[in-house]
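Dear colleague,

I am passing on to you the structure we spoke about, with the sequence alongside.

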Amino acid sequence: MPPRALLIPRLPSPAPAPHPRRLPRARRPLLTLRSSSHGGGSGASLTSLPPSTRRRRSTLSPTHSLRLSFTPLQHSTASRRLSSHASSSMGRQAAEDPRADADADAQRKAAETPAASVEEGQAKAKEEDLAPLSDHDFRIYNQLAERMDSFHNYFRQSWTILWSACTSTPTTTAIDTDELLYTGLSLASHLSAHHSIEETYVFPHLAARMPEFDPRAGPMVEQHAAIHAGLHDFETYLRRCQRGDEELDLAQLRARMEGWGQVLWAHLDEEVRALGAENMRRYWTKNEIMRLRM
C-alpha cells in the first residue's frame, strides 16, 4: 500500500502593505473616443465609461479621423450667483475709488490724443539735461559721424590739392596738368555720387526725427543745392580741358572754385557735427544707433 501524501493546509497570504508615498486615488470614470470615418458622421465625442469597463480598449481603424468635441461646463445656479455678486461688488468698488476713475480717464484721453509731433519731441529732448556719455556709449553714438568724416576727408584733401595749385606762387617746377584734371574730375564725380546716396538713403531716415536733414527745407539739403550750383560749372570746365577744347588755366579754375568753396567746407563740418554723439543721442536710442549703417 503506497504511503499517503501529507496534506499541509495553505495559509492565506497577507495583504500587501500600502506604499508609504502612494496616496489612494479616487475612482474616476474613464474617457473613450467615438470616431467617425471621413465619409460622414457626427465626429468623435468624449464619453464616460463605468468602472466595470475599465479594462476594455477601443480599436480604431487607420482610415478613421479623430475629432474631439467638448461640452462646456454648466455652472450651477449658486456659482452663477456668486460670480454675479463678485462682479457687481468689483464694479461698485471701482466706482467708489477716485483713483480708478482717474486712471480710466487718463487711459481714455491717451487713446484719444494723437502722438506728440516730432517738433515737440525734439524741443523737449533739447531741453533735457542729459547725463554725460561713457567712452563706450560715446563711440556708439558717434559712429556715423566718424564714418561721414572719413568720406569728407577725401573731399577736403582733393580740394586742398586743387586750391594749392591755383593759389601757390609760380615756380619753375612744372605742374602736372593731367593729375590736376584727374583730381578735379574725381572730386566732382565722388561728391555728386556721395550727395545722391545721402539724399536717397540716409537723409529720409534721419529726417523722421532730425530737422537738419529735412528733404524740403533742411539746411543739409540746401547746402547740397548751393554746392552743386557751382560744382556743375567747375566740372564742365574741366571736361573741356580734358577733351582739349581749351588749355587749363589755373586762374579760371580758381574762379570756378571760389563760388562754392565756402559752403562746401561749412557743409563738410556741419554735417559731421549733426551726426555727432551729443546730437544723435537726443533723437535716437543706443540700440537704434547700432542698427544704423552708412
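How many residues does helix H5 have, and what is its reach from the first C-alpha to the last? This is a predicted model, and in it H5 runs over residues 143–167, that is 25 residues, with a reach of 35 Å, close to the 36 Å expected at 1.5 Å a residue.

Of its 294 residues, 27% count as buried, and among the contacts between residues at least 6 apart in sequence, 72% join residues at least 24 apart. The mean pLDDT of the chain is 73, with 54% of the residues reaching 70 or more. Over residues 27–103 the pLDDT stays under 50, and for this stretch the model has 50 contacts beyond four places in sequence. Residues 109–118 also have a pLDDT below 50, and that stretch has 2 contacts in the model beyond near neighbours in sequence.

To return to H5, the buried residues of this helix are Leu144, Ala145, Met148, His152, Phe155, Arg156, Ser158, Trp159, Leu162, Ala165 and Cys166, and the elements they pack against are H6, H7, helix H8 (250–274) and helix H9 (277–280). Leaving aside residues up to four places away in sequence, Trp163 touches Arg254, Met257 and Glu258. Trp163 and Leu253 are 90 residues apart in sequence, yet their C-alpha atoms are 8.8 Å apart in space.

Helix H6 covers residues 177–206, which makes 30 residues, and reaches 41 Å from its first C-alpha to its last, close to the 44 Å expected at 1.5 Å a residue. There is a bend of about 45 degrees in H6 at Glu199. The N-terminal end of H6 is capped by Asp176, a side-chain oxygen of which lies 3.2 Å from the backbone nitrogen of Asp178.

Is His224 buried or exposed? With a relative accessible area of 1%, His224 is buried, since the cut-off for that class is under 20%. Not counting residues up to four places away in sequence, His224 touches His195, Glu198, Glu199, Phe203, His267 and Glu271. With one of these, His267, the side chain of His224 makes a polar contact of 3.1 Å.

Finally, the cysteines deserve a line. The structure holds 0 disulfides. Cys166 has a relative accessibility of 12% and therefore counts as buried, and Cys241, at 8%, likewise counts as buried.

With regards

Key:
Residues numbered from 1 in each chain as written. Predicted model: local features only at pLDDT ≥ 70, side-chain atom pairs only at ≥ 80, totals over all residues. Heavy atoms only, no water. Helix = DSSP H or I, 4+ residues; strand = E, 2+ residues; numbered from the N terminus. Expected span 1.5 Å × (residues − 1). Bend = angle between axes of the 7 residues up to and from the residue. Polar contact = N/O pair within 3.5 Å; in protein donor to acceptor, adjacent residues only side chain to side chain. Disulfide = S-S within 2.5 Å. Buried < 20%, exposed > 50% of the residue type's maximum accessible area, 1.4 Å probe, protein only. pLDDT = per-residue confidence, 0-100. Contact = heavy atoms within 4.5 Å.
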